[in-house]
Amino acid sequence: MPDRMAQALVLEAPRTLVARELALPEIGHDDGLLRVEACGLCGTDHELFTGVIAPGFRFVPGHEAVGTIAAIGEGAAKRWGVRKGDRVAVEVFLSCRACPACQRGEYRRCDRHGLADMYGMISVERSPGLWGGYATYQYLHADSMVLPVPPGLPPELAVAFNPLGAGIRWGVTVPGTRAGDVVAVLGCGIRGLSTAAAAKEAGASFVVVTGAGEHDHPRLEQARRFGADLVVDVLAEDPVARLRRETSGAGADVVVDVTAKAPTGFVQGLDLVRAGGT
């Protein structure tokens, strides 16, 4: 590993990203180092940049990183099932793998880490500083979770692992979506599209996706390609009345709300779901 320094963007204050050089850490038995290929831009990153979310310290943003293992300790290699040179995606949360929450797969509630140790939102003053994907290298803590990435998958597609995984989890795993279900997805951003695709793949018989206004029309057209049987601009028509017409009044078995700061969507979700639905 010839590099000794990493190039990083540090968010020092709202709307103030500063390019800095940070020293690469020495890697021990239980940790590792990622050479970053690409990092996704999340809505949370935008809120951090604009100051809507203000953690009160300087940090390297970015929690959707894909890259190759540049250095790794023997213990970490065994724990993660990877070795130097492997291509991986890095989960945003850290997991002790032992507490009740981690045993249930609820890593964000880890007793040891919780939400305080999310990648892309840890102080740059905490050694080694490289806690985010907006850098040439990202430090991998011993409790990291990494996922294999196929060698031929372009990095600009591979970084979609985070929203795609959210769509699968929210659209299928958590609600227990089954073959024949009617699913309503409120919101047509990348997570909404991923949710629609996951629900259809799980066997949903009918999927409706909503948007709000002309700026969402291109996304609603994309939603049809991702499995939507019906798309509705909620500013132009009532999604509840439209869905009930399409489903003979039954409503949705599953409603997934992935709108951004839209309390109206939550209320529509309650009206869209059938009695006993999720």
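To start with, which helix is Leu 270 found in?

Reply: Leu 270 is in helix α9, residues 263–272. Helices here are DSSP runs of H or I with at least four residues, strands are runs of E with at least two, and both are numbered from the N terminus. Before going on: this is a predicted model, where local features need pLDDT of at least 70 and side-chain atom pairs count only at pLDDT 80 or more, while totals for chains, interfaces and linings use all residues. Residues are numbered from 1 along each chain as its sequence is written, and side-chain values use heavy atoms, with hydrogens and water left out.

Leu 270 is exposed, at 54% relative accessible area (buried is under 20%, exposed over 50%, partly exposed in between, with a 1.4 Å probe and protein chains only). Together with Phe 266 and Val 267, Leu 270 makes a nonpolar surface patch of about 320 Å² accessible area. Areas are Shrake-Rupley values with a 1.4 Å probe, and for residues only the protein chains shown count as cover. A patch takes residues with over 30% relative accessible area and no salt bridge, joining like charges within 9 Å and nonpolar side chains (Val, Leu, Ile, Met, Phe, Trp, Tyr) within 5 Å. The salt bridge in that rule is a Lys or Arg side-chain nitrogen within 4 Å of an Asp or Glu carboxyl oxygen.

On to the sheets. One is open, has four strands in the order β10-β9-β8-β11, and pairs parallel (strands pair if DSSP finds at least two bridges between them). Its edges are β10 (230–233) and β11 (254–257), each pairing on one side only. Neighbouring strands there are turned by 15° on average, direction ignored; axes are lines fitted to C-alpha atoms, for helices over the stretch in contact, and angles run from 0 to 180 degrees between N-to-C directions. Five bridges hold β8 (182–186) and β9 (206–211) in their parallel pairing, with Leu 186 partnered by Thr 210 in β9. Helix α7 (217–225) lies across β9 and β10, at about 170° to β10; contact means heavy atoms within 4.5 Å.

Arg 224 is partly exposed at 42%, and Glu 221 is partly exposed at 48%. In helix α8 (239–246), Arg 242 and Glu 246 are four residues apart, again about one turn, and their side chains meet at 3.3 Å, N to O.

The other sheet is open too: five strands, β6-β3-β4-β5-β7, with antiparallel pairing. Its edge strands are β6 (137–140) and β7 (146–148), and neighbours are turned by 45° on average, direction ignored. Seven bridges join β3 (32–39) to β4 (65–72), with Gly 32 opposite Ile 72.

There are 16 salt bridges in the structure. One of them joins Glu 26 and Arg 4 at 3.4 Å, N to O. That pair links distant parts of the chain, 22 residues apart: Glu 26 is in the loop between β2 (16–23) and β3, and Arg 4 is in the segment before β1 (5–13). Glu 26 is exposed at 66%, whereas Arg 4 is partly exposed at 44%. Lastly, Glu 12, Arg 58 and Glu 125 are linked in a network of salt bridges.
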